[in-house]
Amino acid sequence: MKIKNKIPLFLSITALISVIAFSSSNNITPSETVKKENKAVKTSNTEIESEMRGVWVTYMDLDMQETDLSYKSFKKKFKEIADKSKKDKFNTLIVQVRPFSDALYDSSYYPYSHIISGTQGKNPGYDPLKYMCAYSHKIGLKIHAWINPYRVRSSRELRLSENNPYKNNKQLGVKVGDGIYYNPALSGVRKLIENGIREIVNNYDVDGIQFDDYFYPTSKESFDKKQYKKYCDNVGLENAMSLEEWRIANVNILIAECYTIVHNNQKNIVFGISPQGNIENDYEMYADVKSWCEKSGYIDYICPQLYYSLDNPALTFERALKNWTSLNYNDNVTLYIGIAGYKTGTDLDGGTWSYSDKILQEEVKLIRKRNIKGFMFYSFANLESKKAAKEVSNLVEILD
């Protein structure tokens, strides 16, 4: 069901959230200022010309650390990725360009990724995203820049460069186990992420921006206790949102502001999110997927990761698909479905991926039966995997 709705009380919520941030969190000074545009926000009227057939290209797929780190080697690697995807009848690459508060492009805010140069912060001498955009379009593929907005690192193995934004201002992040994550409550964090989005849409010929499924890394009260207390003190305990509502609002403001940035230009760029496939799990991470789908001004598309087999004992693909298609969708929001190439040929989901070698094919048929606009395949590595070969072959068979 399609509906039209607007974001309620957006400006008032923005004002409430903004009072909690430390002044130090706003002091983000890029080496080169990216000018902020003043045009009115433009709602996307992009027509879906054909079925979305996306392939997620992970930072692991682009890892140059076992090569000579040259531009020539990078071009060869990406060319093989793009050519294989094109040959298998996919039409869009969703390329991970910011995995760990770093960049696979020339950024004024984030250091170059170790994935490209071998060491975070080291300039590889070329601009990977510029080449990826040019080559993708040359062979008729679209390209979306896939961003992890909050993750700084997920393990101690990653050595952060001295020019990493977290290193410059550790108040922006919170340590959770061996990981570090930016705090969604801080206006400085939003400003950092938004500046990064702005420079991509202004400087690169991308067709879309996509956030993945990482939001709040924990539900523990200690994560942002100081900021929540300051918020309650400012608005009064009797007027304050609950911790859960407040965290959801923190994320929603970032999403709405990034949507505005993406559409404050003359380019035909879309903004999407790929959340977890279980809606309840999304809310445990404070990802308000229902509002994003129902209300205008958040996203252009949503692509839940329905990484389930047809017979998964916990949650079947068809049941998850029904859950998502049962939501109300704004006229300006398109639903795609993420499918799990990485599970084929494994014993995951209780061994149910071994029941057939046409599971992905059947899932795409179900997607089409419900008139959904397309799907995204996770991930490129599994297009070349021997264990997934038969499944992929059967899937490609129906991609006319």
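Author: What follows is a set of questions about this predicted model, with the reasoning behind each answer.

Reader: What makes up the chain, in helices and strands?

Author: The chain has 13 helices and 14 strands. Of its 400 residues, 59% count as buried. The accessible surface comes to about 17600 Å², and 47% of that belongs to carbon and sulfur atoms.

Reader: Why is Phe 74 called buried?

Author: Buried means under 20% relative accessible area. Phe 74 has a relative accessible area of 0%, so Phe 74 is buried.

Reader: Why does Tyr 131 count as buried?

Author: The cut-off is under 20%. Tyr 131 is at 14% relative accessibility and therefore counts as buried.

Reader: Why is the pair of Phe 74 and Tyr 131 called edge-to-face?

Author: Two rings pair if their centres lie within 6.5 Å, and planes over 60 degrees apart count as edge-to-face. By this rule there are 23 aromatic pairs. The ring centres of Phe 74 and Tyr 131 are 6.4 Å apart and the planes are at 75°, so the pair is edge-to-face.

Reader: What does this pair tie together?

Author: Phe 74 lies in helix α2 (residues 71-87) and Tyr 131 in helix α4 (residues 128-138), so the pair ties together parts that are 57 residues apart in sequence. Tyr 216 and Tyr 286 form another aromatic pair, with 5.1 Å from centre to centre and 75° between the planes, and this pair is edge-to-face. Tyr 216 is in the loop between β8 (208-211) and α7 (225-235), while Tyr 286 is in the loop between α9 (279-284) and α10 (289-294), 70 residues apart. Both Tyr 216 and Tyr 286 are buried.

Reader: Which residues do ring pairs link into a cluster?

Author: The cluster consists of Tyr 71, Phe 74, Phe 78, Tyr 126, Tyr 131 and Tyr 135.

Reader: How do you know that Lys 75 lies over the face of Tyr 71?

Author: The rule asks for NZ of Lys within 6 Å of the ring centre and within 35 degrees of the ring normal. Lys 75 is at 4.5 Å from the ring centre of Tyr 71 and lies over its face. The charged end of Arg 151 sits over the ring of Tyr 214, at 4.9 Å from the centre.

Reader: Which members of the largest nonpolar core touch the most other members?

Author: Ile 209 and Trp 292 do, in a core of 117 residues. Helix α8 (residues 243-263) gives the most to this core, with 9 residues. Apart from this core lies another, of 9 residues, among them Ala 185, Tyr 228, Val 235 and Trp 246. Leaving out residues up to four places away in sequence, Trp 292 touches Phe 215, Val 251 and Tyr 298, among others.

Reader: Where does Ile 337 lie, and why is Ile 337 called buried?

Author: Ile 337 lies in strand β13 (residues 337-340). Its relative accessibility is 0%, so Ile 337 counts as buried. Ile 337 and Met 376 are 39 residues apart in sequence and 6.2 Å apart in space, C-alpha to C-alpha. Not counting residues up to four places away in sequence, the residues that Ile 337 touches include Cys 303, Phe 317 and Met 376.

Reader: Why does Cys 303 count as buried, and how many disulfides does the structure hold?

Author: Cys 303 is at 0% relative accessibility, so Cys 303 counts as buried. Cys 258 counts as buried because its relative accessibility is 0%. The structure holds 0 disulfides.

How values were computed:
Residues numbered from 1 in each chain as written. Predicted model: local features only at pLDDT ≥ 70, side-chain atom pairs only at ≥ 80, totals over all residues. Heavy atoms only, no water. Core = buried A, V, L, I, M, F, W, Y, C linked by side-chain atoms within 4.5 Å. Buried < 20%, exposed > 50% of the residue type's maximum accessible area, 1.4 Å probe, protein only. Helix = DSSP H or I, 4+ residues; strand = E, 2+ residues; numbered from the N terminus. Contact = heavy atoms within 4.5 Å. Disulfide = S-S within 2.5 Å. Phe/Tyr/Trp six-rings, centres within 6.5 Å; stacked < 30°, edge-to-face > 60°. Areas by Shrake-Rupley, 256 points an atom, 1.4 Å probe, with all protein chains shown as cover.
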